[in-house]
Every structure is written in C-alpha cells, then in structure tokens.
Amino acid sequence: MDRRSFLATAAGLLVPQTGMPSRTLRSDPFTLGVASGDPSTGGFVLWTRLATDPLGGAGLGGMPSRDVDVGWQVAADERFSRIVASGTVTARARDAHSVHVELEGLEPGREYFYRFRAEGRLSPEGRTRTTPAAHLETPLAFAVAACAHFEHGYYTAYRRLAEQEPDLVVFLGDYLYEYAPNGYTALSGKRVRSHSPGKCATLADYRTRHAQYKSDRDLQAAHAVAPWLVAFDDHEVENNWAGPVSSTGAPGFDRRKAAAFRAYYENMPLRRDSLRGAAIRVNRRVSWGSLARFHLLDTRQFRDDQACSDGVRSGCDERLSPGRTLLGDGQWRWLEDGLQSSGTRWNLLGQQILMTHRDYRAGPGRDVNLDSWDGYAPERVRLLDAMSRTANPVVLTGDAHMHHLADLKIDFDDPDSPVVARELVATSIASDGDGYRDRAWIADSLAENPHISYIDQRRGYLMARLTGDELSVDFRTLDHVSRRGAPARTSHRTTIEAVQGA
C-alpha cells in the first residue's frame, strides 16, 4: 500500500459511517489546496474550498449544487499518528463549498498538522501552529509578502518563501487583481499566463478569479507551510477604491464591493465574524506571546476619497487638510487603544500603502502619491505621534512593488526630527513582471528622500527573525519571474535593535 492509499484509508475515520451510500465526486475536490490563519494560543482557522474544476460552473468550481460533508483532522505529528482534534463540517453550495474550521483548546506555542477528507478523497496536508502563551517571549520567524498579479509572473517567490518554513506569513494586500486579461497596462514585458475572462464585477467573477489564483501550486505551498495573517488592499475589489467611492465611477459599486468581500472571506483563512453583512473586518490584533503584537489595518474601507483626483502629482493642498482620514474614526480609536494597552516587547503594524513620505520628482518641486499616506499627511502625523509612545513600533507595508527600508519621522523635512519607527516595505510577488535594478534611478530617489536607505525594484518578499533583543530582516529578491525556477537571494539585510524598557 503506497503512502497516499494508507492516508486515505486512515482518513476514513474522519467521516461517521451513516449506513447511507457514499456519493463520490467525479474528480479531486481539493484543487485549491489548504490553508490556516489567525492563530491564537489555543487554535487557529483551518480553510479549504472544494472545486473539481477551478474555472468552471459560474464561480462554483465545477461542484454540484448540493452541500458536501467534509471531515477534518489535526495531529501533533506529520504522520498523523497522534490525532488531537477531528470533526465534520458542511461545505455549503451557497458558500462556494468553502470551509472554515475555528479551533480552540489546543496547546499554546506548538506545531500542528491538518488535512481534510470529502467523499473518499483526501486533501494535501498543511502545517500550522498556535501562538505562545502570553507570558513567554518566544522567538518568531515570519515572512511578509504582497502583490501577486497572476499574469505578470510565476509564483516562484511563494515557493521560495515556503522553503524557508516561517512560523507565520503576513500578507498585506493585492492577493489577486480584478482586471480583465491584459487589463493592467503598466507591465512592460509579456504576460506569462492569462486571467479568467472579463473584469471582476459579480460574485461569480470574484469566486472564479480567487479559484484561478489558488490553483497555483507555488501559492498552495506557501499557504500549507504556516498560518497566514491576511488583509486586502485595493485590487481585491477595484484599483484605488476609497470607502464608498469607486475609482471608475461605475454604477452599483456597493454591490460589487459586497461581492468581492464575500468571495474574499470564502477564499481566505478568516474567522466567521469577519464577514459582517455587506462589509468585512480585516483590522484585528494577533499577539505572539509577550514578544510581539501584530496590529493589522484596513486602509480602504474607511478612508476619505483621494485628494485632488488621485494620482502622483504636486501642489495638492487638499492632502494637508486636518479633517481628512485614512483609517476612519472607529478604526483609529481601536488602533490607539491597542497601541496604548500593548504590553509586548514589539508592536508590528501590518498595513497596505507606503507610510513614509516619498518625493517622486528629482530636483526642485515635489510629486507625491495621493493614494498613499502622503495624501493623508495630518493623520500620519497623529499616528506617528501615537507610535512614539509605543514599545518598539515597526511598520510592515506592501503595495509599492519595490522593497523599501525607511525611517519614519513626524517631520520628514527636518533632518533633526527623531526617528519614530522603521518601515519595511515588501516588493511584489509577481506584479510588474521581472523587475530590474536601475542604479541611477535608485541613487536619485535615495538622494531625494534621505530618510529612505534602500530600494530594490525586483520581485520577492521579506524574511524576518524577531527576538526580544532585535528584529533581523532579509530583503529577498528573485532575478526573474517570467520563467520558473529562479533562486531567491538576500539582496539587503538590516537589524533593528529593541529599545529595552520601552
């Protein structure tokens, strides 16, 4: 008996025998892999979604219209010889046959393995873990990733991330892109593969697009290796949307946004209470013992519309208006309370858009990106002031499609303004294709922005190691994603020392 047959036989224990004949799906329903997320001291969320044909069935992945019972197991060892929890959950057709299992009651600070079974078929195994007990300062290895346009490149960076076996993955937005095939005009090179037909607008569209992305084996490997903390940016709905405002002015944006949120929940390892009618909550906190608290932000749902019609431009006084908000009043109070009450050694803000000031014009004058924190400058000052009273704050960021390492200051124009925190910006997994190293352009950008010390335009991710004394960060890059198999290298490394007693 081969290993998979043995596992399939053992997995027969997962589903109670009812005496009724088993209905068997015609092909493997686990084509989208497995995932886990939002770990706690006693558990985590386990996820899968059944799809026999990921792009088939008007967003339903080729599945029948009936519900399907799915068994699950959690084991203390990779061979599943020590089962610690098991059960059955119903994958409902109305939820695109997605499954979310929320576990508690497990041991803190340890590794677990999990798998699913549906109608005689067994899923791949996943590896996950619980967070350490609240009083323990247990070291943490975590990865940071963002921006994975399916057409622009293969997901080799996900594969390299998985090979490093982090304890946790923090994903900061643009997990997918809503554009129709070849709809993203910024790519200078050739598409390596094509989006599913049409621009995403309906629930079926978003479900199909998620399934297409999830069918990638390199992405599946990254999900299976560790629990994820996920938050969206704009492209999970529409480019540069802001609160209730569509960037394209298309009618029915509220319906489109609700469809995108529902599909996002169905395809991510999120807790059930994150989906709230037509809205979704992704701002939340996860602590890693007494070592670190992650504060995940939502920089889309609650913001005011971009100033001066958006874009990268100069001379926009509207962006300096004190009343403008990016976080919204409710999220701001939640964040301020979380920063003030945190008793951990480190406080890590996971958010989507460049927080540091960035002047895109070389020489006199100033061009800023109004979709980033530069478009909401007074609220940034308020946030940095709050962070200045927080123990060892670090900002983790996506969106920019380039690695950045920056000092965050309340006054970026004052060389003597103290550094409040460091910002670590992860380049994209695939968006914008292979990337490059334009050394002259980088030199000009660093000279124009002396608080930024490193920029790299290649694809990749961040790999970080956190202890009570320091945060060590490798900026990982790949030379190409237009072909499979590129190695990942550390192109830059930085160490942030903890301020003891902070």
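## Helix packing exercises

Helix 2 (residues 156-163) packs on helix 4 (residues 217-225) at about 30 degrees, and the two axes lie 7 Å apart. The model is predicted: local features need pLDDT of at least 70, side-chain atom pairs pLDDT 80 or more, while totals for chains, interfaces and linings use all residues. Residues are numbered from 1 along each chain as its sequence is written, and side-chain values use heavy atoms, without hydrogens or water.

**Exercise 1.** Describe how helix 2 and helix 4 are arranged, and list their contact residues.

Step 1. Helices are DSSP runs (H or I, at least four residues), numbered from the N terminus. Axes are fitted to C-alpha atoms over the stretch in contact, and angles run from 0 to 180 degrees between N-to-C directions.

Step 2. Classify the angle. Helix 2 and helix 4 are therefore roughly parallel (under 35 degrees; over 145 is roughly antiparallel, 65 to 115 roughly perpendicular, the rest oblique).

Step 3. Assign the hand. Helix 2 crosses helix 4 in a left-handed sense (near helix turned anticlockwise from the far one by less than a right angle; clockwise is right-handed).

Step 4. List the contact (heavy atoms within 4.5 Å). Helix 2 supplies Thr156, Tyr158, Arg159, Leu161 and Ala162; helix 4 supplies Arg217, Asp218, Leu219, Ala221, Ala222 and Val225.

**Exercise 2.** Work out the crossing of helix 3 and helix 5.

Step 1. Take the geometry. The axes of helix 3 (residues 203-214) and helix 5 (residues 253-266) come within 8 Å and cross at roughly 35 degrees.

Step 2. Assign the hand. Helix 3 passes helix 5 in a right-handed crossing.

**Exercise 3.** Find the disulfide and give its hand.

Step 1. Search the whole structure: one disulfide turns up (cysteine sulfur atoms within 2.5 Å).

Step 2. Cys308 is joined to Cys316, S to S 2.0 Å.

Step 3. The S-S torsion of Cys308 and Cys316 is about 90 degrees, so the disulfide is right-handed.

**Exercise 4.** Check the confidence of the chain.

Step 1. The chain averages a pLDDT of 94, and 94% of the residues score at least 70 (pLDDT is the predictor's confidence in each residue, from 0 to 100).

Step 2. Residues 1-21 have pLDDT below 50. Where pLDDT is low, predicted coordinates should not be read in detail.

How values were computed. Helix = DSSP H or I, 4+ residues; strand = E, 2+ residues; numbered from the N terminus.
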